Amino acid sequence: MAVRAGVSTMTVSRALNEPGKVSEEMRERVLRAVREIGYLPNHLAGSLSSNRSTTIGLIVPSIDNSIYTQTVKGLSEVLKSSGFQLMIAESGYDPNEEEELITVFLSHRVSGLVLHSTEHTPQATEKIRKSGIPVVENGNIPREPLDMVVSFSNYDASYAMTMHLGRLGYRKIAFASLYSVHNDRSQDRLQGYHAALNQLGLDPDPRIVLETERGLAAGAEVMARVVQSVPEVDALFCAGDVLAVGALFECQKRGWTVPGRIALASFDDVDLLRHVSPSVTTLRLPRYDIGERTARILLSRIMDGAEHLRGSVVDLKFELIQREST
């Protein structure tokens with residue numbers, strides 16, 4: 001490419017990696033040659049001196065869950081503006097699979113890792129610590145962070161919604177979440193629900209605490225089960241947006257009025273929840289902000305050596321949105 005542009009290899013390198021050190025005319029000559037021959041810069045080779053690539057690895061439990069979209073967008077926009085790329089992988093809620101993916105990312109010499117899960121195998125934890133790269137956990141606020149955390153408290157959010165339903169006068173509050181095995185978010189939401197029941201002086205009823213898979217059909221099944229097995233139930237808190245939508249559709253199918261027959265609350269403020277009738281009371285979570293702040297705190301460590309950020313925990317909180325369904 002240097003021959004094509006009529007410049008030295010050093011000039012090519014500077015034009016691509018340190019454009020401020022060459023003239024505008026020289027940089028344009030190099031970029032024209034890049035376009036003509038379809039050259040792809042080898043960022044890994046260019047970063048051998050630091051032993052790191054310009055890639056950040058992100059591991060999420062599931063790539064078909066829409067709740068991650070805004071977080072990925074926030075991450076990607078900030079990273080891209082700083083010359084970094086985001087590589088995404090799916091662990092399937094399996095800590096062993098997450099460990100394998102962490103190994104793969106580390107072998108590609110990523111500059112940082114973002115982990116949605118906060119439960120890791122001991123081997124994964126050891127590999128990350130030996131690597132020395134900065135890590136952000138962003139799916140929850142763990143009791144023992146690996147490194148940095150940018151998230152909200154699932155426990156606090158679930159507690160707040162259950163307390164809200166109790167203060168509105170509901171006394172038999174059912175709870176539905178995704179399976180809690182290898183899912184610390186669901187575990188914390190269940191604990192927050194029970195803590196609120198205790199605070200409200202309400203007795204827990206295992207018949208109306210359900211774990212299920214994700215999906216509209218699962219939400220519909222949960223609603224049918226709690227109403228038919230415990231007729232006195234007067235509210236259902238779905239700790240998952242899609243579950244709540246499925247539950248609402250089941251009520252409409254069966255002619256159960258919401259909130260007349262049963263109140264309904266959700267955990268994530270997806271657009272659909274504000275446009276259905278009745279609109280659904282929910283928790284608005286800072287998904288985009290989590291991605292943006294995650295990227296910024298990682299870049300501060302990677303590019304600026306901001307070691308004072310090691311161990312920092314950023315709690316971006318949540319907002320409870322009261323709507324027609326309660």
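The legends below describe several views of one predicted model.

View 1. Taken along the principal axes, the C-alpha atoms fill a box of roughly 80 × 40 × 30 Å. Of the 326 residues in the protein, 52% are buried. Among contacts with a separation of 6 or more, 69% are accounted for by residues 24 or more positions apart.

**View 2. The crossing of helix 6 and helix 7.** The axes of helix 6 (residues 95-107) and helix 7 (residues 122-131) come within 9 Å and cross at roughly 20 degrees. Because angles under 35 degrees count as roughly parallel, these two helices are described as roughly parallel to each other, and their crossing is left-handed. On the side of helix 6, the residues that take part are Glu99, Ile102, Thr103 and Leu106, which meet Gln123, Ala124, Lys127, Ile128 and Ser131 in helix 7. Sorted by class, this contact has four nonpolar, three polar and two charged residues.

**View 3. The largest nonpolar core, with 42 residues.** Leu79, Ile173, Phe237, Phe267, Leu283 and Ile297 are the residues with the most contacts inside this core. Helix 13 (residues 287-304) contributes the largest share of the core, namely five residues. In soluble globular proteins, nonpolar side chains tend to be buried together.

**View 4. The surroundings of Ile297.** When residues up to four places away in sequence are not counted, Ile297 touches Val136, Met148, Val150, Leu309, Ser312 and Val314.

**View 5. A second, separate core of 27 residues.** Among the residues of this second core are Ala176, Val233, Leu236 and Val245.

Terms used:
Residues numbered from 1 in each chain as written. Predicted model: local features only at pLDDT ≥ 70, side-chain atom pairs only at ≥ 80, totals over all residues. Heavy atoms only, no water. Axes fitted to C-alpha atoms, helices over the stretch in contact; angles between N-to-C directions. Helix = DSSP H or I, 4+ residues; strand = E, 2+ residues; numbered from the N terminus. Parallel < 35°, antiparallel > 145°, perpendicular 65-115°, else oblique. Left-handed = near helix turned anticlockwise from the far one by under 90°. Contact = heavy atoms within 4.5 Å. Nonpolar A, V, L, I, M, F, W, Y, C, P; charged D, E, K, R; others polar. Core = buried A, V, L, I, M, F, W, Y, C linked by side-chain atoms within 4.5 Å. Buried < 20%, exposed > 50% of the residue type's maximum accessible area, 1.4 Å probe, protein only.
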